[in-house]
Structure formats: C-alpha cells, structure tokens
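Student: I would like a close look at one part of this model. Please take me through it step by step.

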Amino acid sequence: MGEAVKKSPQIVTLDRAMKDLPPLPTAVAKILVLTGDQNSRAEELEKFIITDQAISTKVLRVVNSPYFGVSGQVASMSQAVLILGFDQIRNLVLSLGTTKVFDSSSPAVKELHLQLWRHAFASAAAAQFIARRKHLEHKDLDLVFSGGLLSNVGALFLAAQFTKPYTLIYDKHTNDNQNLSEMETKSFNTTHAEIGQQLGVMWKFPENLCIMLGRHEGPFEGDPVPSLYAVHAGDRIASVVCKPRDQWTDEVLHIDPAVTDWLGFDDATFAKAKEETLLKLEAASDMLNLFG
C-alpha cells in the first residue's frame with residue numbers, strides 16, 4: 001500500500017472547522033423552507049422571522065436603509081415582505097443568519113467581516129446594474145442580488161477560523177490587486193467560493209444559489225450563464241469601488257475573458273457601473289455595522 005498523503009495542519013483544521021460548524025438559527029432554517037414554497041403566505045414568513053427578535057429587528061433596520069430605496073417607510077415585517085418580496089427578505093435573513101454563526105468578539109475578525117460585507121453589498125449592487133443593462137428577467141435580478149450578497153460567505157468562514165493569515169491574504173487582494181482565489185488555494189487548498197458552496201449545501205440554501213456561490217469566481221467556458229456572469233463581473237467591479245476613490249483604476253481587473261466578451265461594456269459603461277455601485281455602497285453605510 002502506498003503512503004497516505006499528509007494534510008498540512010491548516011487544512012486539517014479547516015476540515016475540522018467545517019464539521020464543527022453550528023447550524024443556522026432555527027428561524028432562518030424555517031424561513032428557507034417557507035421561501036422555497038410557492039404556496040407560502042407573507043403572514044407565515046413574518047411569523048417565523050419574528051421568532052428571532054434579533055434578526056427581525058435587524059431586518060427592519062436594513063430594509064429601512066437608503067440602500068433599498070424605501071428609507072423609513074417600512075414599519076412591520078409583513079410590509080417588508082410585501083415591498084421587497086420573499087426572495088429579497090430571504091437574502092437578508094440568510095445574510096444576518098450567517099453573521100450570527102460567524103459572530104466573534106475579536107476586533108480583528110469584526111473588522112475583516114465588515115470589509116467583506118461592504119464588498120458583498122457592493123457586489124450585489126453591481127451585479128444588479130449589470131443584470132438590468134443586459135436585460136435579464138426579473139427573477140434573475142433577485143438571483144444575482146442573492147449571489148452578490150452571499151458570495152463572501154466562504155470568506156467569512158475563513159476570516160473567522162484563520163483571522164491572521166486570511167487578513168494578510170485579503171489585504172494583498174485589496175491593496176495589491178492580487179487574485180483572491182489563487183492566494184486562497186495556495187494557503188488552504190480551496191477557495192472561498194468552494195467553501196461557500198459547501199456551506200450552502202450544508203445549510204440547505206436553494207440549489208441555484210449554491211451553484212452561484214461555488215462558481216462565481218470562474219473560470220468559465222461553454223454557453224454563457226447570464227446570472228452567474230453578472231455576479232462574477234459585479235464582484236470584480238466591487239473590488240474597485242471598495243477602495244478609496246483616488247485608488248480606483250480604469251481597468252476592472254481579473255474579469256474572466258468569457259464574461260468580458262458577454263458584457264460588451266465600453267469604458268463609459270464600466271465607469272457608470274462603478275459610479276452607481278458607489279452610490280449604493282454609500283447608501284448602505286449606516287446599516288453595515290449590523291453585519292460587522
């Protein structure tokens with residue numbers, strides 16, 4: 001028999017952490033079931049959201065932020081469901097639920113998580129901008145928002161488990177424009193996208209969302225998948241927009257060539273995408289402390 005391949009201590013720790021990860025809060029798990037049922041009613045969804053007071057309070061605060069364009073107008077959970085719809089509320093509940101799972105008292109973890117959530121909200125906004133420009137169907141607008149908002153769930157896990165090394169990796173990605181997935185693979189033999197898909201399957205996220213989480217980094221080949229391509233490009237645009245304005249580059253780096261061809265954006269359209277994403281990100285600033 002050949003010798004067993006030894007895993008590095010870091011990879012062994014990663015495997016153990018995945019196995020020991022707690023489940024999503026009960027209310028969040030139930031909401032996933034309800035939002036996947038076309039026969040569910042707004043009253044049922046509201047009932048289960050309010051069983052978790054912390055999440056329900058945060059959902060209302062987030063919905064009433066300028067980011068969603070209904071600032072100060074939503075007074076109840078049923079109203080939030082009616083205005084934003086099942087999918088959008090599910091997105092927010094899932095995001096807040098994962099925040100609870102990865103909660104930490106460490107200032108370093110909180111700071112890194114805040115950076116990741118800023119990027120996530122920027123990715124969701126940029127992906128929706130792209131989806132509208134490419135005339136995707138309305139159902140795909142919700143999907144690309146979900147994909148953008150939850151695209152960093154695997155990174156949240158890595159940040160919580162390996163704060164110091166992952167902070168160094170993310171700083172290099174942010175400050176030196178290095179490819180995040182390549183650095184993750186060198187350190188962990190996996191990527192935040194692959195971990196995100198595993199978490200999505202473990203937590204019973206919708207199948208199309210799990211695929212989005214796992215594949216949004218690329219590479220891409222074959223026929224275009226518009227919603228997936230929109231999230232990939234939105235993620236790259238967010239990486240520019242999350243930097244200080246004087247550090248913006250004209251080029252949006254690391255977009256897969258297949259996605260660049262599908263987009264067909266000229267410089268002016270990319271500039272418009274960055275400007276609109278920045279406006280959305282600024283509108284999200286007051287609520288981001290709920291996710292840090």
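Student: Which residues lie nearest the centre of the largest pocket, and how many residues line it?

Tutor: First, the ground rules. This is a predicted model: local features need pLDDT of at least 70, side-chain atom pairs count only at pLDDT 80 or more, and totals for chains, interfaces and linings use all residues. Residues are numbered from 1 along each chain as its sequence is written, and side-chain values use heavy atoms, with hydrogens and water left out.

Now the pocket. H119, H173, T174, S239 and V240 lie nearest the centre of the largest pocket, and its lining has 28 residues. A pocket is an open set of points on a 1 Å grid over the protein atoms alone, where a 1.4 Å probe fits, with protein on both sides within 12 Å along at least five of seven lines; lining residues have an atom within 4 Å of a point. The volume of the largest pocket is about 410 Å³. That volume is the space filled by probe spheres set on the points, and grid points are joined across faces, edges and corners.

A helix here is a DSSP run of H or I, at least four residues long, numbered from the N terminus. By class, this lining holds nine nonpolar, 13 polar and six charged residues. Ala, Val, Leu, Ile, Met, Phe, Trp, Tyr, Cys and Pro count as nonpolar; Asp, Glu, Lys and Arg count as charged; the others, Gly among them, count as polar.

Take S239. S239 sits in α13, which spans residues 226-241. Setting aside neighbours within four places in sequence, S239 is in contact (heavy atoms within 4.5 Å) with H119 and H173.

Next, S123. S123 belongs to α6, residues 107-133. S123 counts as buried because its relative accessibility is 1%; buried means under 20% relative accessible area, exposed over 50%, and partly exposed in between, with a 1.4 Å probe and protein chains only. Not counting residues up to four places away in sequence, S123 touches G148, S151, G234, D235 and A238. S123 and S151 are 28 residues apart in sequence, yet 8.2 Å apart in space, C-alpha to C-alpha.

How values were computed:
Helices (H or I, at least four residues) and strands (E, at least two) are DSSP runs, numbered from the N terminus.
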